[in-house]
Amino acid sequence: AGLDAEVARALDEALEVLEGAGLELVEIQVPELEGSLAASAVIAGAEALAVHDERMKERPGAFDPAVLARLEKGYRLTGLELARAQEHRERLSLAYRRAFREVDLMVAPSLPGLPPPMGDHQVQVGGGREEWVVDAFCRLMAPQNMTGTPALSVPCGFTPEGLPLGFQIWGPRGEDGRVLAAGEAYQVRTDWHLRRPPDLQR
């Protein structure tokens, strides 16, 4: 939901290539994906703070102000928030295990919108609505990250302006080879990974 039209177009074309490679495409619902971004933000916030806490206190000036502000949010997290986020992660992990009894792999766009200019804090996604760039960039990949699910982002085109587009493939835990094989099956049938936007060709 909420995909930029260019992203949706590139994904549809990538799916056609995968079908041509012999993959059977089916739609699958994983209701537990709802709320995954919020749960992931809590878990990642707590873990990042644990890693950087001492350095933040000793040398706060060594951190970019925006990064420091995000890390400091970890101090305000409650034990209840962390416990509920971890519960959500467990429910999603179980949902993925069940889903992968029905399908071998899942695919989705890597990002819902187009890459914004550096320094922009908002990005346009589907329906003309704007989303905070961190949320937009994490929304579709956070579930795989928080559950330790192997995932691969594959180049699948460019916008007319030369911005890169990609889609992701993910599979059951421990099945990294299956994910990589599907990525290779796509790449041997396309050349997006060999192309560069016009202003980057050197």
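This report walks through the charged patches, salt bridges and aromatic pairs of the structure above.

## Before you start

What you see is a predicted model: local features need pLDDT of at least 70, side-chain atom pairs count only at pLDDT 80 or more, and totals for chains, interfaces and linings use all residues. Residues are numbered from 1 along each chain as its sequence is written, and side-chain values use heavy atoms, with hydrogens and water left out.

## Rings that pair up

Let's begin with the aromatics. A pair of aromatic rings is described by the distance of the centres and the angle of the planes. Searching the whole structure turns up four aromatic pairs (rings of Phe, Tyr and Trp, using the six-membered ring of Trp, with centres within 6.5 Å; planes under 30 degrees apart are stacked, over 60 edge-to-face, the rest tilted). One of them joins Y96 and F100: the centres sit 6.0 Å apart with the planes at 50°, so this pair is tilted. Y96 and F100 are both buried (buried is under 20% relative accessible area, exposed over 50%, partly exposed in between, with a 1.4 Å probe and protein chains only). Ring pairs also bring W170 into a cluster with Y96 and F100.

What about F158 and W192? Their ring centres are 6.1 Å apart and the planes meet at 65°, so that pair is edge-to-face. F158 belongs to strand β4 (residues 151-158) and W192 to the segment after α7 (176-187), so the pair ties together parts 34 residues apart in sequence. W192 is partly exposed, with a relative accessible area of 21%.

## Salt bridges

How many salt bridges does a search of the whole structure find? There are eight (a side-chain nitrogen of Lys or Arg within 4 Å of a carboxyl oxygen of Asp or Glu). Take D104 and R178, whose closest N and O atoms are 3.9 Å apart. D104 is in the loop between α4 and β1 (106-109) and R178 is in helix α7, so the bridge ties together parts 74 residues apart in sequence. D104 is exposed at 53% relative accessible area, while R178 is partly exposed at 29%.

E131 has salt bridges with R129 (3.6 Å, N to O) and with R139 (3.0 Å between the closest N and O atoms). At 10% relative accessibility, E131 counts as buried, whereas R129, at 41%, counts as partly exposed. Elsewhere, a network of salt bridges links E6, R9 and E13.

Note on methods
Helices (H or I, at least four residues) and strands (E, at least two) are DSSP runs, numbered from the N terminus.
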